[in-house]
Amino acid sequence: MPVTDTDLLRSRGLRVTAPRLAVLDALAGDPHADADTVLRGVRSRMPSVSVQAIYDVLAALTQAGLIRRIEPAGHPARYERRVEDNHHHVVCRGCGAIDDVDCVVGHAPCLVPSSTSGFAVEMAEVTFWGLCPACRQTTG
């Protein structure tokens, strides 16, 4: 039997609420969405949900490890549900599109720093920058 979003919330000790389920659903349909995009997706089903409620849900889901917050330089924070592995991202310098890039080695961390300064490194985050196919066509 597949694990439901209700099961995921309960497994992390979170109450099952309509806004939490709606945020998870919005992110399932739009990976790498920013908070405004999540808000629009949730409001299509729950028109009265507040902006603060969305930010609170995103924070709670991130803290519980059910979603991941990524922050490409110069762009708003984005959220994704892919949390089970150590993967990276490629960001278009033209339109801001983001896509996943699988870890080259596949184990966390997939990169080993030359010095850890005593830190126990758990994950490596790499952002690749370039132009997506659509932007390459318009600038080519």
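User: Which residues have the most contacts inside the largest nonpolar core?

Analyst: In soluble globular proteins, nonpolar side chains tend to be buried together. In this predicted model, the largest nonpolar core has 22 residues. Those with the most contacts inside it are Val 23, Leu 27, Val 38, Val 42, Ile 54, Leu 58 and Leu 61. Helices H2 (18-29), H3 (35-43) and H4 (51-63) are the elements that give two or more residues to this core. H2 gives the most, with 5 residues. Leaving aside residues up to four places away in sequence, Leu 27 touches Ala 33, Val 38, Leu 58, Ile 67, Tyr 79 and Arg 81.

User: At what angle do the axes of H2 and H4 cross?

Analyst: Two packed helices are described by the angle between their axes and the distance between the axes. Here the axes of H2 and H4 cross at roughly 75° and come within 10 Å. H2 is therefore roughly perpendicular to H4. On the H2 side, Pro 19, Arg 20, Val 23, Leu 24 and Leu 27 meet Ile 54, Val 57, Leu 58, Ala 60 and Leu 61 of H4. The residues of this contact comprise 9 nonpolar, no polar and 1 charged.

User: In what order do the strands of the sheet lie?

Analyst: The open sheet has 3 strands in the order E1-E3-E2, with antiparallel pairing. Strands E1 (33-34) and E2 (68-70) stand at the edges with a single partner strand each, so one side of each has no neighbour in the sheet. E1 is joined to E3 (residues 78-80) by 2 bridges, and Asp 34 has Arg 78 in E3 as its bridge partner.

Technical notes
Residues are numbered from 1 along each chain as its sequence is written. This is a predicted model: local features need pLDDT of at least 70, side-chain atom pairs count only at pLDDT 80 or more; totals for chains, interfaces and linings use all residues. Side-chain values use heavy atoms; hydrogens and water are left out. Two strands pair if DSSP finds at least two bridges between them. Helices (H or I, at least four residues) and strands (E, at least two) are DSSP runs, numbered from the N terminus. A nonpolar core is a set of buried Ala, Val, Leu, Ile, Met, Phe, Trp, Tyr and Cys residues joined through side-chain atoms within 4.5 Å. Buried means under 20% relative accessible area, exposed over 50%, partly exposed in between (1.4 Å probe, protein chains only). Contact means heavy atoms within 4.5 Å. Axes are lines fitted to C-alpha atoms, for helices over the stretch in contact, and angles run from 0 to 180 degrees between N-to-C directions. Angles under 35 degrees count as roughly parallel, over 145 as roughly antiparallel, 65 to 115 as roughly perpendicular and the rest as oblique. Ala, Val, Leu, Ile, Met, Phe, Trp, Tyr, Cys and Pro count as nonpolar, Asp, Glu, Lys and Arg as charged, and the others, Gly among them, as polar.
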